[in-house]
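Please look over the sequence and the model shown here. A short report on the geometry follows.

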Amino acid sequence: MKSSIQKIILILLLAGLAFVFLQGLCCAQTLINGAGASFPYPIYSKWFNEYAKLHSGIQINYQSIGSGGGIKQVTEGTVDFGATDGPMNDEQLKDFQTKRSTNVLHFPTVLGAVVVTYNIPEVTESLNLNPETIAGIFLGTITKWNDAAIKATNPKVKLPSMDIVVIHRSDGSGTSYCWTDYLSKVSPEWKSKVGKGTSVNWPVGLGGKGNEGVSGQVKQTSGSIGYVELIYAIQNKLSYANVKNSSGRFVKPSLESTTAAAAGAAKNMPADFRVSITDAAGKDAYPISTFTWLLIPEMMQDKGKLNSIKEFMHWMLASGQNMAEELSYARLPKEVVAQEEKALANLK
Amino acid sequence: MAETIRGDSRIPGRESFTILRLFQKALKGDELARGIVFVCAAGIVAITALIVYELWTQSTPSIHKFGWRFFVTGTWDPIAGEFGALPFIYGTVVTSILALAFAIPVGVGAAIFLAELAPSRISNPLTFLIELLAAVPSVTIGLIGIFVLVPALNTIVPPLKSILGFLPVFSGPFYGVSVFSAGVVLSVMIVPFIISISREVLLAVPRNQREAALALGSTKWESTWKVVIPYARAGIIGSIFLALARALGETMAVTMVIGNSPKISASLLAPGYSIASVIANEFTEATGDLYLSALIELSLVLFALSIVINGSARLLILMTTAKGSK
């Protein structure tokens with residue numbers, strides 16, 4: 001009895017030693033830690049994986065803890081880089097500067113879009129919605145599906161006299177940020193009453209947790225309308241609306257129309273890439289689109305680490321972009337890639 | 001031992017020797033055991049105190065800004081920086097009470113069956129299955145809630161509403177997700193606690209109590225209802241309060257079926273929100289000190305709520321056991 005326990009202890013000890021030894025071997029690599037947005041997590045983990053295969057000396061860990069957490073952690077310096085779905089505001093940039101005595105740079109990586117999904121019994125066609133109508137529904141001023149405003153853009157659809165049930169995200173998310181950013185741009189009333197943010201004080205509606213919570217509630221509630229990420233809607237075959245863009249055309253949300261929105265915004269791209277591309281110019285641009293960014297400190301103590309990050313960024317902007325579409329992310333337009341390549345020189 | 005004493009007498013007052021002696025004394029079983037368990041107990045108290053301290057210091061911005069207003073206002077607007085906890089407190093309390101209302105009769109009834117009436121070859125496997133229910137992760141129960149319970153309620157509630165719709169608690173439109181649904185889901189989660197603890201307590205009632213009641217000519221049910229249950233009352237109440245504590249703090253399952261809408265409505269069929277759910281929902285993306293500290297103050301409120309409820313449970317048990325012992 002006793003000897004078997006001793007044996008087990010011995011084996012555990014040996015295993016522990018082996019583990020420590022192997023860890024020691026692994027740590028000869030450059031280990032880079034990042035944290036932040038959960039929306040781009042699938043593509044980031046693919047990139048970091050593929051990149052580690054090509055460069056055995058570099059290991060990049062990424063935790064998808066949410067944009068707010070990513071901003072906080074990179075500001076505190078507990079991770080090497082952050083990631084966010086909404087750009088940092090001026091106050092946060094200042095905070096970063098005082099805490100780390102360097103600047104943080106934004107680098108767009110891929111694009112996402114938010115689509116309007118709905119559940120109206122016996123309606124199978126894609127609805128055409130204009131910005132004013134969407135804002136009206138989410139403000140609670142349009143309450144019936146057969147409202148004149150909805151009928152006007154959908155003359156061929158037979159809309160029932162049914163109450164509209166609004167479903168929004170209950171958890172703080174980049175999706176909500178993009179959605180409320182769009183509504184703030186197209187509706188002055190929304191801007192003054194509600195505003196934009198990862199969580200807001202919703203005038204009407206029910207909250208669902210995550211894309212799956214929103215789409216689950218939309219599926220189960222007849223007469224409901226909600227918003228989810230484009231990727232999620234494509235993968236789960238949800239029906240979604242065409243939205244009128246700033247050129248007056250109803251655009252079907254897709255990876256191409258999302259990239260088109262970014263290309264529209266590229267002409268007036270600010271040097272720090274902190275730009276909202278909702279309601280972007282361009283006749284094919286889908287108006288509820290957004291960049292997602294990596295947040296990289298301009299200067300780092302560890303030069304080797306910064307150079308590794310820089311090399312990764314070059315790779316991400318070139319071959320990395322080709323992996324975006326198979327995971328249903330919209331790729332960066334080439335104008336933006338060129339602008340970022342230039343901006344990478346600022347990392348020193 | 002002898003050496004130490006000699007050393008002690010040669011150089012009196014040398015501290016190291018005193019400590020050594022204390023140490024040796026401590027090594028004599030009892031003292032050592034006492035020391036170790038004291039450290040364990042003190043550690044738990046210290047952890048609790050540390051949690052309260054951390055929650056308090058981190059929620060200072062919000063406490064300073066809102067004061068008592070935090071408890072009586074119902075606006076939750078992260079953008080305007082206006083935070084009020086009332087709808088969350090209301091939702092937490094109402095869902096927990098609803099859960100108890102469903103779970104107590106079922107739980108105590110099941111415990112009586114398992115402890116008093118069922119033969120052990122039925123009772124033992126059933127108890128095992130019930131304890132398994134307690135081990136189901138809450139997120140799983142939440143998913144079953146949203147994909148099975150909510151559609152089921154959507155077919156059950158409308159006819160019920162047409163009869164009872166005149167009552168304020170059944171007024172308003174029903175979307176499937178509601179305070180009521182959250183109460184039902186919670187009751188499923190807490191009922192195993194009530195059953196398994198109550199069963200143990202009932203089994204611990206001495207056999208002679210039952211035999212005495214039967215000898216006096218009472219039926220099986222009379223002996224159970226009038227003798228065994230009053231004897232076990234304190235333990236059963238204890239199980240109920242443990243279940244309540246679980247209900248108050250439940251997060252994932254509630255947030256999936258409650259509707260996540262911070263509004264206070266008299267109707268149980270309306271969507272609501274709970275403290276634990278809003279913290280889980282908004283904490284990861286909360287930016288800004290005030291927003292974060294308001295969320296932390298919410299957890300302080302939840303903590304206080306649990307303390308109040310545990311305290312009253314203690315009081316109730318003390319009172320009832322005092323009565324029972326007379």
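## Conventions

Residues are numbered from 1 along each chain as its sequence is written, while chains are lettered from A and ligands numbered from 1 in the order in which they are written. This is a predicted model: local features need pLDDT of at least 70, side-chain atom pairs count only at pLDDT 80 or more, and totals for chains, interfaces and linings use all residues.

## Chain B

Chain B holds 14 helices and two strands. Helices (H or I, at least four residues) and strands (E, at least two) are DSSP runs, numbered from the N terminus. The radius of gyration of chain B is 26 Å, well over the 20 Å that the globule rule gives for 326 residues, so chain B is more spread out than a compact globule. That radius is taken over C-alpha atoms, and the rule is 2.2 Å times the number of residues to the power 0.38. The C-alpha trace of chain B spans about 95 × 70 × 35 Å along its principal axes.

Of the 326 residues in chain B, 35% count as buried. A residue is buried if 20 or more other C-beta atoms lie within 10 Å of its own, exposed if 12 or fewer, and partly exposed in between, with C-beta atoms placed from the backbone. Helix 3 of chain B reaches 42 Å from its first C-alpha to its last, close to the 42 Å expected at 1.5 Å a residue. The expected span is 1.5 Å times one less than the number of residues.

## Domains of chain A

Chain A is divided into domain 1 (10-110 + 292-346) and domain 2 (113-267); the bounds come from an automatic or database domain assignment. The C-alpha centres of domain 1 and domain 2 of chain A lie 32 Å apart.

In chain A, 16 residues of domain 1 are in contact with 17 residues of domain 2. Contact requires C-beta atoms, placed from the backbone, within 7 Å. Helix 3 (67-76) and helix 13 (334-343) of chain A each supply at least two residues of the domain 1 side. That side divides into seven nonpolar, five polar and four charged residues. Ala, Val, Leu, Ile, Met, Phe, Trp, Tyr, Cys and Pro count as nonpolar, Asp, Glu, Lys and Arg as charged, and the others, Gly among them, as polar.

## Contact between the chains

The contact takes 26 residues from chain A and 23 residues from chain B. Helix 3, strand 7 (206-208) and helix 9 (210-220) of chain A each supply at least two residues of the chain A side. The chain A side divides into five nonpolar, 19 polar and two charged residues.

## Strands of chain A

Four of the five residues of strand 6 (residues 165-169) of chain A are buried, so strand 6 is largely enclosed by the rest of the structure. Three bridges join strand 6 to strand 8 (residues 224-229) of chain A, in parallel. Here A:Val165 has A:Ser224 as its bridge partner. Three bridges also join strand 6 to strand 7 of chain A, again in parallel. A:Arg169 stands opposite A:Gly208 in strand 7. Two strands pair if DSSP finds at least two bridges between them.

## A:Gly304

A:Gly304 lies in helix 12 (residues 303-318) of chain A. A:Gly304 is exposed, with 10 other C-beta atoms within 10 Å.

Key:
Contact = placed C-beta atoms within 7 Å.
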